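Biologist: I should like to learn how to read features of a structure. May we begin with a helix?

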Amino acid sequence: MRAVYAETLVRLGAADDRIVVLEADLMKATGTGPFAKAYPERTVNVGVAEANMVGIAAGMSAEGKIPFAATFACFASRRAYDQFFVSGNYARLNVKLVGTDPGVCAAFNGGTHMPFEDLALMRAVPGLVIVEPSDPVSLAAFVQKAAERDGCVYLRLQRKAAPALYKEGETFDFGKAKLLRAGSPDGKADAVIVALGALMAGEALKAADLLAAEGKKIAVIDALSLKPLDEELILEWAAKTGRVVTCENHQKRGALGSAVAEAIAESGVPCKFARVGVDDEFGEVGTQDWLADRFRLTAPHIVAAIKGL
Amino acid sequence: MSPSERARVEAFAKEIRKLTIGMIAELGVGHIGGAMSIADLLAVLYDKRLKAYPEDARAADRDRLVLSKGHAGPALYAALAAKGFFPAEWLSTLNKGGTRLPSHCDRNKTPGIDMTTGSLGQGLSAACGIAMALRLDSNPATVYAIIGDGESDEGQNWEAAMFAAQKRLSSIVAFTDYNRAQIDGTTDEIIGLGGLAEKWAAFGWNALEIDGHDVGAIDAAIETAAAVGDRPTMIVLHTVKGKGCSFCEGQVGSHNMNVTKEMAAEAVAALGA
């Protein structure tokens, strides 16, 4: 995925010299070396100083540049939150903040580096657009959309490879989710899973397969845009199925599960509802697979959540 | 600075002080101490040094100013109003609901404000970003930044200090308003800053320290900064909190205080014509 991030920035940067890349001594991790090679003068490495990076990005955007500033999602959110809030968002400037290694993807870096709360923090920022692409195609599209938007964006980026869910040419937009799978060809389903991000979209599809083997028809929605949320599509399927399970590589509280619950409660659509996510715990070290199971984020846990409805 | 120019700039500093005292008294409370202490600096900038266009506040070739100690906004609003960036009547709306002059600077509300500030420690980073962007655009404008001494407790300033030196951002001319008082006491009581100019020099800046109420010295310091081509400049201004305002000059507790119209009238009268 990180190669797609870098390739997209190189492509956008060729056409638009306002695109600049900022890093805080994690360029090797983010993988933006190709951009630095192509446009060294438009690449700014600030050292281990995330707050300063976001402030510099805000200043550059005040002069019309389009800065993409990246660091681990834990630092992008917790460390530089006030800078992003005030110098970026409150100032109505144009900072694209990229948080990598979300949730259990932080793996061996462990609890200090494991952001299970970045989306909840970001969701509270007025007007901020928040996306978590689910595959290389959606990632490239949303990086481009972010560049085109006049305003701040928080993009949550899983660096590791993710299988393609979409064909080249598929179009995406802020506020638009995608129906990855209808329960059956006639559009009927027993439940809908709403997933956010590459890891969870993959687990949601696996869960749907597991339940299909038992004769259950499960629809899967790839949320993609946490804010604005595609309430229309989600409520349509909530009404159709009467059973909704959200799943996210994040705390249950404050992000996708909360946003969908709020939409359902305010809509009056009658349905059963459950959240799959981290249950008020800190992260810890382990492989990504071990952690995904440890924090009950994998397909069997999604299946159990659906069966519990 | 010629004697006639000095007289003109000093008169402008007096006008900034009077307008600032008046607008804070109109509301009844405000950040008067740290506004008074930068009045002489603002007078030099807006009467002489800073290239700005009241009728075209975002002109590409203007010099930029980031007032990182955003709570001193009222003094900057006084300078901007006096120079015609917006109608003088706005000054009486300071901090009232719906105003375009909020307590802390807002680039989207007030013509002539280049950066939204108020959460201390963030302005110098923004100034660095502005300077980086101007360099990409081959724009020779100067980026002025004003930070407070209490604000210097914020670590982000020192991240920005290292960055600006590393990138040789010589277009940045920054000032520290070293009035030696912060909200809870003197800086020596709370977090002593010691030799501030030495600190900035150690961070790789061209560092000077001068009497921050001597408009001639301020002007000369800015002049020397322009000749330094490989480093950013920090001019440490030794100032007095509340300077020139009879009821609060030298008072540590003047960071944010109640100001009645009677107090204001007395202070304005004391400043003289």
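Biologist: What should the 25 residues of helix 1 of chain B span at 1.5 Å a residue?

Modeller: Helices (H or I, at least four residues) and strands (E, at least two) are DSSP runs numbered from the N terminus. The expected span is 1.5 Å times one less than the number of residues. Helix 1 (residues 3-27) of chain B should therefore span 36 Å, and its end C-alpha atoms, 37 Å apart, agree with this. After helix 1 of chain B comes G28(B), with a positive phi near 105°.

Modeller: Please note that this is a predicted model, in which local features need pLDDT of at least 70 and side-chain atom pairs count only at pLDDT 80 or more, while totals for chains, interfaces and linings use all residues. Residues are numbered from 1 along each chain as its sequence is written, and chains are lettered from A and ligands numbered from 1 in the order in which they are written.

Biologist: In what order do the five strands of the open sheet of chain B lie?

Modeller: Strands of a sheet pair through backbone hydrogen bonds, either parallel or antiparallel. Here two strands pair if DSSP finds at least two bridges between them. In chain B the order is 2-3-4-8-7, with parallel pairing. Strand 2 (64-67) and strand 7 (206-211) of chain B are the edges, each pairing on one side only.

Biologist: How many bridges join strand 4 and strand 8 of chain B?

Modeller: Strand 4 (residues 172-178) and strand 8 (residues 233-238) of chain B pair in the parallel sense over six bridges. Within strand 8 of chain B, M234(B) stands opposite A174(B).
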